[in-house]
Amino acid sequence: MKFYRCHVLMAIDDNSLKAGVAAIETILKSELAKNNLTDEINVLETGGLGYFGTGVSMTVFPDKVTYVNLKEEDIPVIVNEHFLKGRIVSRLLLNPELTRKYNFNYQGRIVLDNSGVIDPENIEEYIGAGGYEAWEKALTVLKPTEIVNEVKASGLRGRGGAGFPTGLKWSFTAPLAADQKFVVINADEGEPGTFKDRLIMEGDPHKLLEGIMIAAYAVGATKAYIYIRGEYKLCIHRLEIAIAQAKEYGLLGENIFGRGFSLDIEIKIGAGAYVCGEETALIESMEGNRGTPRSKPPFPGVEGAWQKPTVVNNVETIANVPAIIKKGVDWYKGYGVEGCFGTKVYTIMGDVKLPGLCEVDMGTTLRSIITEFGGGMKEGKKFKAALVGGAAGVFLPDKMLDVQMDYNSLKDYAAVLGSGAILVMGEDVDISEMLWSVIRFFRHESCGKCSPCTNGNELLYKMIDDTRNGRGKEEYLDQMIQISEMMFSSCFCALGQSLLMPVKSAIENFREDFVKRIK
Amino acid sequence: MYQKIFEKYSPKKENLIYILHDIQDANPQNYVSEEAVQAVSEFLNISLSHIYGVLTFYTMYSTKPRGKNVVRLCESPPCFLKGSEKMLKKLREILGVRIGETSEDGLFTLELCACLGVCGNAPVMMINEDVYGDLTEEKLETIIAEIKGRS
């Protein structure tokens, strides 16, 4: 293997491509060649770094500095100053205060440890970072039941929103005798404000594949599908490359490692429907139908895709599995809190200084996530509310800033962790406007299968729209809560049942915003 | 004319969504025509009503001809907070269309869409396969003018 003095990681994602990263990379390479540095400085492509609004950015190791918003004319300067003379060009650096917060090695990264560090299109880099060791261990040392038990003991819970224990889910499917079982990965990330799965797949696609392999072996599935949003073009591209590489290296395919286990992974592309995040709707869509939910039971674990036992897991959930198998339950339990171990990836946006994503321990407070990882409130803004968990989330007021973010603690406040989206709102935001936007979203995404959801959303929308336009009545406010309570108890799937959380929390915590619109 | 697309897939219902994607992408007017639905129905041996059910369920498909460029503005809460309403007003003004309509020159169709997963750069829109973030009214003018210039 060749040794380089420096490694330069260019972040390649939708944002940097738009900002012209391809041209800049070409210039960088030609400048390096011109200065005879090609053998000393290695240029690599990696996924997004989790920052936003930074244009073309690159990180230099071992110096661990990140240059941002690069223009073509900056490249000769960096080559000349940094690579030839060893002087960091500080005017091009990411805000040093923010760099500290986004330190690549900050504690707690299980899922995103490789993102922005390795080249996602090169399997050897993943292997070099310890990748596929868990798969080897799972297949050669452990029995499927041992894997299920490990995952159960780790306390890993589904990161898609509902927080169902993953090991328990697997244990329903594993013992079933069937001629075919499936593992399906839910990568139909549609919850407004959520883009964690996109960054996992763009930055470290092999981690997802390794998790799928372990899950499939544990439950006895020989075919796995990744159901992904049609809009996520870069993810699809990188996953296709990763699957081809894994096959080439004999990590996927027939009789893997000579152990008699075979597995194939296929990508399925969606066509735009929020409800397909619901696992049975997702299965319907995979089969070529309208994505409407099925009645449960039977649960997919028993009768899923093509009526065969099917385990459906979220991307982030599965990305936790390799580390659990490789490093063990005790290590995993060092992260998070009792009843809710591990880390959680959050996406922070709205009126904060630094919108982006972070991976922190379960149980970290909302305040610390906003101030430490979101960079705090934007200049001149005071915190008013946070919509936590996406559109199907809750509006939390400032008195709840110190609530611990984990499934159990939030439950005490009738709140949910959901997908981990945190939309922060300053004092000038009218919560009745935000609720209007949330209800409009659900009204559009309601799939039309059951009438409580179809009609309930229509009614709620009429009431909130009237309120917004000054035609509202005060009794609407209590009626809206009643309607969403009714929807909670009678809707066919989680989509319609979700309205209760945003509606109730917005009206109860910020009633004055609504009353103002009525009077 | 759809033979090339059909050759890529086995005639199974599970391939319907991909076939429709391919047909729509190959059509310069960005939609799935009645004639295409008829052909798919024969190829997969499934009913027209099933295909129309699927076509009208998913937001990425259209059964009506659209402009060369489909502008999809995100209307989800994070973008709404960052002023997507104002962007919508501006887009309607520049393009001279209402939501769902196509501009007279056939260049643009304006649509609303749900979260595109780029919320750090809200407000956001997608034109065909390209994502545009951190939109302002001035930026919209520039982007649209640039696309017009290219066409």
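**Figure 1. Open five-strand sheet of chain A in the predicted model.** In this predicted model, an open sheet of chain A is built from 5 strands with mixed pairing, in the order β13-β12-β16-β14-β15. Strands β13 (356-361) and β15 (394-397) of chain A form the edges, each pairing on one side only. From one strand to the next, the twist averages 30°.

Figure 2. Strand β14 of chain A, residues 383-388, is joined to β15(A) by 4 bridges, and the two run antiparallel. Within this pair, A:A385 lies opposite A:P397 of β15(A).

Figure 3. Strands of a sheet pair through backbone hydrogen bonds, in either a parallel or an antiparallel sense. Strand β1 (residues 6-11) of chain A runs parallel to strand β2 (residues 41-46) of chain A, with 6 bridges joining them. In this pairing A:L9 stands opposite A:L44 of β2(A). With strand β3 (residues 58-61) of chain A, β1(A) pairs in the antiparallel sense over 4 bridges. Here A:V8 is the residue opposite A:V60 of β3(A). In a regular strand, side chains alternate between the two faces of the sheet.

**Figure 4. Domains of chain B.** The domain assignment divides chain B into domain 1, spanning 3-57, and domain 2, spanning 69-150. A separation of 28 Å lies between the C-alpha centres of domain 1 of chain B and domain 2 of chain B.

Definitions and conventions:
Residues numbered from 1 in each chain as written. Chains lettered and ligands numbered in written order. Predicted model: local features only at pLDDT ≥ 70, side-chain atom pairs only at ≥ 80, totals over all residues. Domains from an automatic or database assignment. Pairing = 2+ DSSP bridges. Axes fitted to C-alpha atoms, helices over the stretch in contact; angles between N-to-C directions.
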